[in-house]
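Subject: Structure for you to look at

Hello,

Here is the structure I promised to pass on. Please open it and keep it in view while you read my notes.

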Amino acid sequence: MAIIDFLKKQFIDIIEWTDDSRDTLSYRFPDEDKEIKNGAQLIVRESQAAQFVYLGEFGDSFGPGKHALTTDNIPILTNLKSWKYAFESPFKADVYYVVTRVFTGNKWGTANPVMMRDNDFGIVRLRAYGTFDFRVVDVKKFLKEVAGTDNHFRLDEFNDTMRSRIVSVFSDALASAKIPALDVASRYGELGEALLPLINPAIGEKYGLAMTTFIVENVSVPPEVEQAIDKRSSMAAVGNLNDYVKYQMGQGMAQGGGGMGGAGAELAMGMAMAQQMMNQPGGIMAQANPGIQAPAPAAAAAPELLTPAQVAQMLNVAEADVMASLDAGDLKGRRIGTQWRITRSAVDNFLKG
């Protein structure tokens, strides 16, 4: 009688696992080197899947319910073992429980900036972070590629294993979507929904997972790109730069010159007005001395060259405004390498409009 009781202790009659941790993805049933009795009961609860593994090969899979382990309902494992007696004796196999419910609120983030090509700014570096919800959809692929032979695979291990992989998939999806950097930084909700159809096929094929929600909480660009965005906004608010520069010059003159820059602007405008009055037929000089004609203009001297900074100081405006006018072609200048040079006559013509 004692021998029979001893043998009974070496067999497993019921296989079941209750998840009370809320952070377990997969769990290997502890067999303690016991064999599973023919006709044993396998209990699989909702949001669980049971996977048999024999000598490193996947056997049968079971969904929620109560299953009697006999030859008829585990044909794959029977074929793997190739038992002579058609599964009449106890057998040895590993049983993995995999949780198939949705795991919510998992954080992701780019440890290093993501390089992407943008139509507005060229190549830019983006940093991003957010949260995602996921579930296991392919038990065998998940055990093979993610959990491995870990007897108790938890969420913290998953985050360490998958964070870099998910960021890599996110980077590829972001590059494929070709979403402009300005839209990335302002349309987080739409971005997450747009990336889901690109991310899910990749992680499903590689890891047996599916994301139910992918949320982008923040996308940041380098400081120099932020400055460029601010500058573009300022230019859009200003409107016509040529009119804006003239308006600033007129404001400076109305307030008494505004220092050296204002005095330079007043002098330039005064010289232009005097020259125009002298060259007009019947002008002041002609009326004062009818017999004297206006002197012929002297031979043109070498033009005085100015830098954008000098022009900005002379007009009492920001150097960026001068550069914008040069780029727009309103102010004529010559670019030598990376430097601009502007003649004084070009400044005069610019002021005349």
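Helices (H or I, at least four residues) and strands (E, at least two) are DSSP runs, numbered from the N terminus. On that basis the chain has 13 helices and 15 strands. Bear in mind that this is a predicted model.

First, the whole chain. Of its 353 residues, 35% are buried. The accessible surface is about 20,600 Å², and carbon and sulfur atoms hold 53% of that. Among contacts with a separation of 6 or more, 67% join residues 24 or more positions apart.

Next, find Gln51. It sits in strand 4 (residues 48-54). Is Gln51 buried or exposed? Gln51 counts as buried, because its relative accessibility is 0% and the cut-off for buried is under 20%. Its side chain makes a polar contact with the side chain of Ser61, at 2.3 Å. A polar atom of that Gln51 side chain also lies 3.2 Å from the backbone oxygen of Gly59. Beyond its sequence neighbours within four places, Gln51 is in contact with residues including Asp94, Tyr96 and Leu143.

Now the rings. There are eight aromatic pairs. Trp17 and Tyr27 are stacked, because their ring centres are 4.9 Å apart and their planes are at 15°. Trp17 is in the loop between strands 1 and 2, and Tyr27 is in strand 2, so the pair ties together parts 10 residues apart in sequence. Trp17 is buried, at 10% relative accessible area.

Last, one aromatic cluster is made up of Phe103, Phe132, Phe134 and Phe158. Both Phe132 and Phe134 are buried. Arg101 lies over the face of Phe103, 4.2 Å from the ring centre.

Best wishes

Definitions and conventions
Residues numbered from 1 in each chain as written. Predicted model: local features only at pLDDT ≥ 70, side-chain atom pairs only at ≥ 80, totals over all residues. Heavy atoms only, no water. Buried < 20%, exposed > 50% of the residue type's maximum accessible area, 1.4 Å probe, protein only. Polar contact = N/O pair within 3.5 Å; in protein donor to acceptor, adjacent residues only side chain to side chain. Contact = heavy atoms within 4.5 Å. Areas by Shrake-Rupley, 256 points an atom, 1.4 Å probe, with all protein chains shown as cover. Phe/Tyr/Trp six-rings, centres within 6.5 Å; stacked < 30°, edge-to-face > 60°. Lys NZ or Arg CZ within 6 Å of the ring centre and 35° of its normal.
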